[in-house]
Amino acid sequence: MFEVKVFDYEDIQLIPNKCLIASRSQADTSVTLGKHTFKIPVVPANMQTIIDEKIAEFLAENGYFYIMHRFDEETRLPFVRKMKEKGFISSISVGVKNYEYDFIEELARENLIPDYITIDIAHGHANSVIEMIQHIKKHLPDTFVIAGNVGTPDAVRELENAGADATKVGIGPGKVCITKIKTGFGTGGWQLAALRWCAKAATKPIIADGGIRTHGDIAKSIRFGATMVMIGSLFAGHEESPGETIEKDGILMKEYFGSASEFQKGEKKNVEGKKIWVTHKGPLVHTLIEMEQDLQSSISYAGGHNLSALTKVDYVILKNSIYNGDVI
Ligand SMILES: NC(=O)C1=CN([C@@H]2O[C@H](COP(=O)(O)OP(=O)(O)OC[C@H]3O[C@@H](n4cnc5c(N)ncnc54)[C@H](OP(=O)(O)O)[C@@H]3O)[C@@H](O)[C@H]2O)C=CC1
Ligand SMILES: Nc1nc2c(ncn2[C@@H]2O[C@H](COP(=O)(O)O)[C@@H](O)[C@H]2O)c(=O)[nH]1
C-alpha cells in the first residue's frame with residue numbers, strides 16, 4: 001500500500017503570526033505567472049459555464065488571469081486575434097486530438113502567438129500531453145504552456161521535463177466531478193495533500209485545480225505549494241456566468257456542469273462529470289473583490305506583506321475526513 005499523510009482543505013488550519021501591517025489594504029495579493037503579473041493568484045476554471053469571451057475580456061482588462069475554455073473550437077483563433085488587437089493577454093485551452101496539432105500550426109502561421117496555452121485533459125500524465133507540449137514549444141516557443149491535469153510528483157516532473165512552464169494539479173476534487181466515484185482514482189478528498197506532494201517535486205509553478213470551497217482554501221493552497229488556484233464552483237452562478245438560469249421556489253439558480261458531463265459532451269460516453277444548480281450570486285466583480293480582501297486578511301494573519309508570507313506559516317491538522325461527501 002502507498003503511504004502518504006492525507007488531509008484536505010477542511011482538515012487544516014493555518015496558525016497566525018504577529019501582524020506587520022497597519023491595514024489589510026497594505027497587503028499585496030499580486031502574483032506573477034510567466035511574463036505577466038495579476039491581481040490575485042486565482043483563475044476561473046476553463047469550463048463552459050464559468051467563462052466566455054465577455055468574462056475573459058473583463059478579467060484581462062481588469063488585471064486578472066483567465067484561461068478561455070476549449071469547447072468552441074472554431075472561435076479560438078479569432079478570439080486570440082481580438083484580444084491581441086485590444087492589447088489584452090491571450091490565454092486559451094487545447095486538447096490533444098490530431099486537429100489540435102493543426103490548430104497550433106495555424107496560430108504560428110498567422111503569427112497569432114497566445115501568451116498562455118493550457119493543455120486541458122482529464123489524465124494529463126500521458127504521452128499525448130508530452131507530445132502536445134513539445135509541439136507547442138516547437139511552433140510557439142514564446143507561449144507559456146500550462147499542462148494537466150495530474151496528481152503525482154512523477155507526472156509533474158515528466159511534464160516539466162517535456163517543456164511545460166507550469167503544471168495543473170487535481171484529478172477528481174471538483175464540485176461537479178464524479179471521477180473518483182466512477183473510476184476509484186484521483187485526488188478527491190486529499191487534494192491539499194496531493195498538492196503538497198506534487199509541489200515538493202516541482203521546479204516550476206503549480207496551479208492547484210479543484211476542491212476550493214472557501215476563500216480561506218486559496219491561502220491554504222499557497223501554503224502547500226500552489227502559485228495559483230483554479231476555481232469553478234465559487235465562480236459559478238454569477239450574473240455574467242454563461243448557462244441557463246431558472247427560478248426554483250422563488251430563488252434564482254444557475255447551472256454549473258462538468259466538462260466531462262453528458263451536458264458538455266452531448267452524449268452519455270465516458271461521463272465523469274455532473275450538473276448542479278447553484279444559487280444566483282450577483283455580479284462577478286463582488287466575488288473577485290471579496291477574494292482579494294480575504295486574501296489580504298490571510299496575508300496579515302501570516303505576518304507578512306505579500307503572498308510569500310503564506311508559504312511559511314505553521315499549521316495544524318484538525319481531523320481526517322477523507323471523503324468529502326460528493327454524490328452523483
Ligand atoms: N480535473 C479533473 O479531475 C477532470 C477534468 N475533466 C475535464 O473534462 C474535459 C474532458 O476531458 P478528457 O476526456 O480528457 O478530454 P477529451 O475528451 O478531449 O479526451 C482527450 C483525449 O484523451 C483520451 N483520454 C481521455 N481520458 C483518458 C484516459 N483516462 N485514458 C486514456 N485516454 C484518455 C481521449 O480518448 P477517449 O475519449 O477515446 O478515451 C482523447 O483522445 C476536460 O476539460 C477535462 O479538464 C474530466 C475528468 C477529470
Ligand atoms: N472529474 C471532473 N472534473 C471536472 C469536470 N469538469 C471540470 N472539472 C474539474 O473541476 C475543476 C473545478 O473544480 P471546483 O471544485 O472549483 O468546482 C475544473 O477546473 C476541472 O479541473 C468533469 O466533468 N469531471
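Helices (H or I, at least four residues) and strands (E, at least two) are DSSP runs, numbered from the N terminus. This is a predicted model, in which local features need pLDDT of at least 70, side-chain atom pairs count only at pLDDT 80 or more, and totals for chains, interfaces and linings use all residues. Residues are numbered from 1 along each chain as its sequence is written, and chains are lettered from A and ligands numbered from 1 in the order in which they are written.

**Ligand shells**

- Ligand 1 has 20 residues around it, and G95, I121, A122, S259 and A260 come nearest; a residue is near a molecule or strand if its C-beta atom, placed from the backbone, lies within 6 Å of it.
- The shell around ligand 1 consists of six nonpolar, 11 polar and three charged residues. Here Ala, Val, Leu, Ile, Met, Phe, Trp, Tyr, Cys and Pro count as nonpolar, Asp, Glu, Lys and Arg as charged, and the others, Gly among them, as polar.
- Ligand 2 is surrounded by 24 residues, of which G174, C177, G232, G258 and G273 are the closest.
- Around ligand 2 the shell divides into eight nonpolar, 13 polar and three charged residues.

**Packing of α4 with α5**

- Helix α4 (residues 127–139) packs against helix α5 (residues 153–162) at an angle of about 25°, and their axes are 9 Å apart. Axes are lines fitted to C-alpha atoms, for helices over the stretch in contact, and angles run from 0 to 180 degrees between N-to-C directions.
- This angle makes α4 roughly parallel to α5; angles under 35 degrees count as roughly parallel, over 145 as roughly antiparallel, 65 to 115 as roughly perpendicular and the rest as oblique.
- The crossing of α4 and α5 is right-handed. A crossing is left-handed if the near helix is turned anticlockwise from the far one by less than a right angle, and right-handed if clockwise.
- V129, I130, I133 and Q134 of α4 make the contact with E158, L159 and A162 of α5; two residues are in contact if their C-beta atoms, placed from the backbone, lie within 7 Å.
- By class, the contact of α4 with α5 has five nonpolar, one polar and one charged residues.

**Packing of α3 with α4**

- The axes of α3 and α4 cross at roughly 15° and come within 9 Å, so the two helices are roughly parallel to each other.
- The α3 and α4 crossing is right-handed.
- On the α3 side the contact uses E100, Y101, I104, E105 and A108, which meet M132, H135, I136 and H139 in α4.
- The contact of α3 with α4 has five nonpolar, two polar and two charged residues.
- An α-helix has 3.6 residues a turn, so residues three or four places apart point the same way.

**Helix α8**

- Helix α8 (residues 216–223) is largely enclosed by the rest of the structure, because seven of its eight residues are buried. A residue is buried if 20 or more other C-beta atoms lie within 10 Å of its own, exposed if 12 or fewer, and partly exposed in between, with C-beta atoms placed from the backbone.
- The buried residues of α8 are D217, I218, A219, K220, S221, I222 and R223.

**Backbone geometry**

- G148 and N149 are joined by a cis peptide bond, with omega about 0°; N149 belongs to strand β7 (residues 144–150).
- N111, a residue other than glycine, has a positive phi near 55°. N111 sits in the loop between α3 (98–109) and β6 (116–120) and counts as exposed, with 7 C-beta neighbours inside 10 Å.
- D249 also is not a glycine and has a positive phi of about 50°. D249 sits in the loop between β11 (245–248) and β12 (251–257) and is exposed, with 5 other C-beta atoms within 10 Å.

- T279 lies in strand β13 (residues 275–279) and is exposed, with 12 other C-beta atoms within 10 Å.
- Not counting residues up to four places away in sequence, T279 touches G237, I251 and M253.
- The C-alpha atoms of T279 and I246 are separated by 9.7 Å, and the two residues are 33 residues apart along the chain.
- W190 is in the loop between α6 (179–183) and α7 (191–201) and is buried, with 24 other C-beta atoms within 10 Å.
- Between the C-alpha atoms of W190 and E105, 85 residues apart along the chain, the separation is 39 Å.
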